[in-house]
Amino acid sequence: MTKAEILKAEILSQYKSVRQFAIEMEIPYSTLVTALDRGIEGMAYGTVIRMCDRLNLNPVDFSPLDKKSPLGNKILENRVMQYYIKLNKTGRKKALELMEDYAQLEKYQSTEQ
């Protein structure tokens with residue numbers, strides 16, 4: 001399977017349609033359809049990375065990312081940090097307080113350490 005075929009299959013397994021995915025990703029539908037039909041080589045690298053992140057795919061080989069994989073963890077950490085740096089000082093303090101509270105609740109504790 002080509003990368004475009006893998007992407008399309010994954011999109012359709014996680015979303016009702018390619019159109020729904022395009023809307024959620026804020027990518028023009030026609031651009032996405034063209035890329036999936038002709039190949040993603042012409043797409044902007046950042047867009048492909050965002051799509052892989054949303055679909056939980058390894059952006060190198062388009063294999064599914066296991067949450068336990070080092071790359072999967074790095075992508076997740078990067079995503080959290082992207083949101084964190086958008087916050088002002090008050091927002092950052094509040095986010096850290098919430099994470100501390102959640103970390104103390106057994107319901108939210110990770111079994112991985």
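Tutor: Start with arginine 79. Arginine 79 is partly exposed, at 33% relative accessibility. The scale runs as follows: buried is under 20% relative accessible area, exposed is over 50%, and partly exposed is in between, with a 1.4 Å probe and protein chains only. Some ground rules come next. This is a predicted model, so local features need pLDDT of at least 70 and side-chain atom pairs count only at pLDDT 80 or more, while totals for chains, interfaces and linings use all residues. Residues are numbered from 1 along each chain as its sequence is written, and side-chain values use heavy atoms, with hydrogens and water left out. As for pLDDT (the predictor's confidence in each residue, from 0 to 100), the protein has a mean of 88, and 93% of its residues reach 70 or more. By element, the lowest mean is 80, in H5, and the highest is 95, in H2. Helices (H or I, at least four residues) are DSSP runs, numbered from the N terminus.

Back to the charges. A salt bridge needs a side-chain nitrogen of Lys or Arg within 4 Å of a carboxyl oxygen of Asp or Glu. The rule gives two salt bridges.

One joins arginine 79 to aspartate 53, with the closest N and O atoms 3.9 Å apart. Arginine 79 sits in helix H5 (residues 70–85) and aspartate 53 in helix H4, so this pair ties together parts that are 26 residues apart in sequence. Aspartate 53 is partly exposed, with a relative accessible area of 25%.

The other joins arginine 54 to glutamate 24, where the closest N and O atoms are 3.8 Å apart. Here helix H4 supplies arginine 54 and helix H2 supplies glutamate 24, so parts that are 30 residues apart in sequence are tied together. Both ends are partly exposed: arginine 54 has a relative accessible area of 32%, and glutamate 24 is at 38%.

Now look at tyrosine 15. Tyrosine 15 lies in the loop between H1 and H2. The residue is buried, with a relative accessible area of 12%. Leaving out residues up to four places away in sequence, tyrosine 15 touches Gln20, Phe21, Glu24, Arg54 and Leu55. Touching, or contact, means heavy atoms within 4.5 Å. Tyrosine 15 and leucine 55 are 40 residues apart along the chain, and their C-alpha atoms are separated by 9.7 Å.

Leucine 55 leads on to the core. A nonpolar core is a set of buried Ala, Val, Leu, Ile, Met, Phe, Trp, Tyr and Cys residues joined through side-chain atoms within 4.5 Å. The largest one has 20 residues, and Leu7, Phe21, Leu32, Ile40, Met51 and Leu55 touch the most other members. Helix H1 (3–14), helix H2 (18–25), helix H3 (29–38) and helix H4 (45–55) each give two or more residues to this core. Take methionine 51. Neighbours within four places in sequence aside, its contacts are Leu7, Phe21, Met25, Ile27, Leu32 and Met43.

Two loop residues deserve a backbone check. Most residues other than glycine have a negative phi. Glutamate 26 has a positive phi, near 60 degrees. This glutamate is in the loop between H2 and H3. At 73% relative accessibility, glutamate 26 counts as exposed. Asparagine 56 lies in the loop between H4 and H5 and is partly exposed at 31% relative accessibility.
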